[in-house]
Amino acid sequence: MTLQLGRHAFDDDAPLMMAIVNRTPDSFYDKGATWTEDAAFERVRTVVEQGAEIVDIGGIKAAPGVEIGPAEEKARVVDFVARVRAAYPGLVISVDTWRAEVGDAVCAAGADVLNDAWGGADPELVDAAAQHGAAIICTHTGGVTPRTRPYRIEYDDVVAAAIADTVAYAERALAAGVARESIVIDPAHDFGKNTFHSLELTRRLGEMVATGWPVLVSLSNKDFVGETLDLPVGERLVGTLAATAVSALAGARIYRVHEVVETRQTVDMAWSIAGRRPPRRAIRGLQ
Amino acid sequence: MIPVALVPGVLALLPDYASLEDPVADLRAACREAVAALGPRVRVVASTPSARRVGEHLVSAAGAEVAEHDPTGVLVVANGSATRTEKAPGHLDERAEAFDESLRELLAGPDPAGLAAIDTALGAELWADVDGLVALADLLTPAQRVDVRYDAAPYGVQYWVIGYA
């Protein structure tokens with residue numbers, strides 16, 4: 001299915017890189033490296049040069065911490081979205097938020113996608129997306145409250161639960177008026193899930209792809225990689241790329257990443273192994 | 001005499017082996033122009049099934065059809081040595097460049113008698129595909145107009161694309 005991400009359309013066989021841009025002082029990976037607006041803008045410039053089609057701008061870190069109200073969240077992201085929109089008309093701008101109020105404001109400032117990492121905690125977020133012709137990412141969290149850690153959550157079948165919840169969310173977005181080609185589902189590794197859950201979701205990602213909704217995966221440097229390999233943040237790239245390759249083979253369409261170049265290479269390689277992408281330039285044995 | 005074209009049996013010309021960036025774009029363009037001059041029914045002369053496949057693909061890509069009888073043109077699939085460099089398929093053979101130079105003179109003439117007398121044993125040692133070049137002897141006269149559209153060995157294999165009218 002063709003993807004329509006706000007102003008931008010993509011062919012159905014194109015895997016897309018969504019680069020994470022944090023306007024936060026405390027996110028787990030960059031620890032505030034792009035907290036200032038200029039540093040965040042520099043990060044955008046870098047990932048655009050690296051070929052990312054999408055930036056995902058977030059004003060609140062996912063993990064628990066200092067409470068950030070909607071006014072502060074908007075102060076962090078709305079003007080920044082407008083600045084990026086003006087500088088990069090061809091770039092897809094996604095904003096990582098669960099609040100409808102923030103979603104409305106960033107779409108008015110030029111955002112194309114609302115990335116609801118918290119699985120529809122604010123039921124009016126879909127209305128904001130529909131009203132602005134934006135796309136929406138429908139994630140699975142198992143129903144947890146935003147910015148809480150999973151604690152003793154179990155599923156009869158985590159993949160079935162992820163499919164049921166994200167597809168239901170997608171249908172809700174559709175009913176609210178979001179275009180079918182602008183709805184993406186995301187199993188949300190580590191959100192409401194332990195490491196075993198995230199590994200199983202990766203292993204069985206093909207079942208999510210088989211729903212027909214385009215699938216986004218957000219694997220980058222997450223704790224399920226860290227726990228699987230017993231490696232701290234900063235040493236998880238190889239494990240991230242292994243999970244990326246498995247997800248790409250299954251057919252995930254969008255990759256939310258810290259490392260654009262490495263992920264692109266991994267996805268391109270897996271995409272070609274899957275027979276969905278020709279080699280860049282093959283002549284050996286064929287001349 | 002009906003028009004004749006010579007192209008190399010490069011597998012990278014086949015759609016089965018298409019890359020995102022065409023490694024033989026110039027060669028492909030030259031082949032397209034040469035085959036376009038052969039009319040709607042083209043006989044293909046090739047030494048191997050894969051070379052024939054390349055020839056037949058170029059014919060159909062030109063919008064023509066492959067015809068054994070009563071052709072409007074003949075497409076010969078053949079090429080020089082594949083031992084021109086250390087990275088060539090057959091590695092470097094010091095004799096290859098001179099051998100290809102001798103072929104070049106025969107083709108540019110054209111020299112039908114010389115083409116009929118090509119040293120095919122040496123050609124085999126140099127991984128050349130010269131059967132089609134020998135066959136050209138019966139298809140050409142020395143007076144024909146020669147149009148060399150491609151003459152290079154970009155991947156250690158000597159290619160020519162030549163039209164004869």
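**Entry 1: strand 1 of chain B**

I looked up how strand 1 of chain B pairs with strand 4 (residues 73–77) of chain B, and found four bridges in the parallel sense. Strands here are DSSP runs of E, at least two residues long, and helices are runs of H or I, at least four, numbered from the N terminus. Two strands pair if DSSP finds at least two bridges between them. I noted B:Val74 in strand 4 as the bridge partner of B:Val4.

On to strand 6 (residues 159–164) of chain B: three bridges join it to strand 1, and the two run antiparallel. Here B:Leu6 has B:Ile162 as its bridge partner.

Which way do the side residues of strand 1 point? B:Val4 and B:Leu6 point one way, B:Ala5 and B:Val7 the other, and all are buried. Buried means that 20 or more other C-beta atoms, placed from the backbone, lie within 10 Å of the residue's own.

**Entry 2: what I am looking at**

This is a predicted model; local features need pLDDT of at least 70 and side-chain atom pairs pLDDT 80 or more, while totals for chains, interfaces and linings use all residues. Residues are numbered from 1 along each chain as its sequence is written, with chains lettered from A and ligands numbered from 1 in the order written.

**Entry 3: strand 4 of chain A**

I checked strand 4 (residues 54–58) of chain A next. Five of its five residues are buried, so the strand is largely enclosed by the rest of the structure. A:Ile54, A:Asp56 and A:Gly58 cover one side, A:Val55 and A:Ile57 the other.

Strand 3 (residues 16–22) of chain A pairs with strand 4 in the parallel sense over five bridges. A:Val21 stands opposite A:Ile57. Five bridges also join strand 4 to strand 5 (residues 92–96) of chain A, again parallel. There A:Gly58 has A:Asp96 as bridge partner.

What does A:Val55 touch? I listed A:Ala19, A:Val21, A:Val44, A:Val47, A:Val84, A:Leu91, A:Ile93 and A:Ser94, leaving out residues up to four places away in sequence. Touching means C-beta atoms within 7 Å.

**Entry 4: helix 9 of chain A**

I compared the length of helix 9 (residues 237–250) of chain A with expectation. At 1.5 Å a residue, its 14 residues should span 20 Å, and its end C-alpha atoms are 20 Å apart, which agrees. The expected span is 1.5 Å times one less than the number of residues. Just after the helix, A:Gly251 takes a positive phi of about 110°.

Terms used
Two residues are in contact if their C-beta atoms, placed from the backbone, lie within 7 Å. A residue is buried if 20 or more other C-beta atoms lie within 10 Å of its own, exposed if 12 or fewer, and partly exposed in between; C-beta atoms are placed from the backbone.
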